[in-house]
Amino acid sequence: MRTISRINIKEWIAFWLYSIKQKKVNMKKIGLVCACITIILFACNKDDCPQGYTGSDCDIQIAPASITLNSVDVTDFPDAKSDGSGWDDSNGPDIYFKLYRNDSEIFTSDTKSDVLVTTDLIFTDGMPFNIANVDDDYTISFFDEDGLLDANDEMGSFVFDMYSSLNSFPDVIHIENPGGSEFDINIHVDYNF
Ligand SMILES: [Ca+2]
Ligand SMILES: [Ca+2]
Ligand SMILES: [Ca+2]
């Protein structure tokens, strides 16, 4: 399809260049032909590449219109505060996270209560959750919930790329030891074009 089209396009270009030389066509017709060639080239690239890719070698990613958050699992987190004391006095932390876009909160997870560091935390409540503007700045922040009488403890806050034009659309955005922390985070996603 692409080979045939390109041969035809070459012939067309040769024909019109010859016609221009012979002064047989006016500029209006030239403009129309150029527009047709552009449309054909665009259509060929679009049809030939897998979804999400473009370019003559199909190696240029197309930024998705949105990304769907399917689940977030946390397989490791710090088991103590920076001063060595526990997140809570008598039991494990009560972990939840917030997601921010350009410093604006867009999502809050459910809370996993009294968890142990050996437990894999799988957050799915409120998901699938659709996220547009994938090139904006995203931050994920984890907290230990401490009820009404005490301020929640912030366990860690990390900036990450929701989308990268070079990452080949991974199903899981893996964030390991961000900022030197002990967090290990897997964000499971789908891409929408
Ligand atoms: Ca606490
Ligand atoms: Ca607790
Ligand atoms: Ca707590």
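Which residue is the bridge partner of lysine 98 in S8? In this predicted model, that partner is serine 141. The pair belongs to a sheet, which is described below strand by strand.

The sheet is open and consists of four strands in the order S5-S4-S8-S9, with antiparallel pairing. From one strand to the next, the twist averages 25°.

| Strand pair | Sense | Bridges |
|---|---|---|
| S4 and S5 | antiparallel | four bridges |
| S4 and S8 | antiparallel | seven bridges |
| S8 and S9 | antiparallel | seven bridges |

Strand S4 comprises residues 95-101. S4 and S5 form a hairpin with two residues between the strands. In this hairpin, asparagine 102 adopts a positive phi near 50°.

Strand S8 covers residues 138-144. Is this strand largely enclosed or exposed? Five of its seven residues are buried, and S8 is therefore largely enclosed by the rest of the structure. A residue counts as buried here if 20 or more other C-beta atoms lie within 10 Å of its own.

S8 pairs with S4 through seven bridges, and seven bridges also join S8 to S9. In the pairing with S9, threonine 139 has valine 159 as its bridge partner.

Technical notes: Residues numbered from 1 in each chain as written. Chains lettered and ligands numbered in written order. Predicted model: local features only at pLDDT ≥ 70, side-chain atom pairs only at ≥ 80, totals over all residues. Pairing = 2+ DSSP bridges. Axes fitted to C-alpha atoms, helices over the stretch in contact; angles between N-to-C directions. Buried ≥ 20, exposed ≤ 12 C-beta atoms within 10 Å, placed from the backbone.
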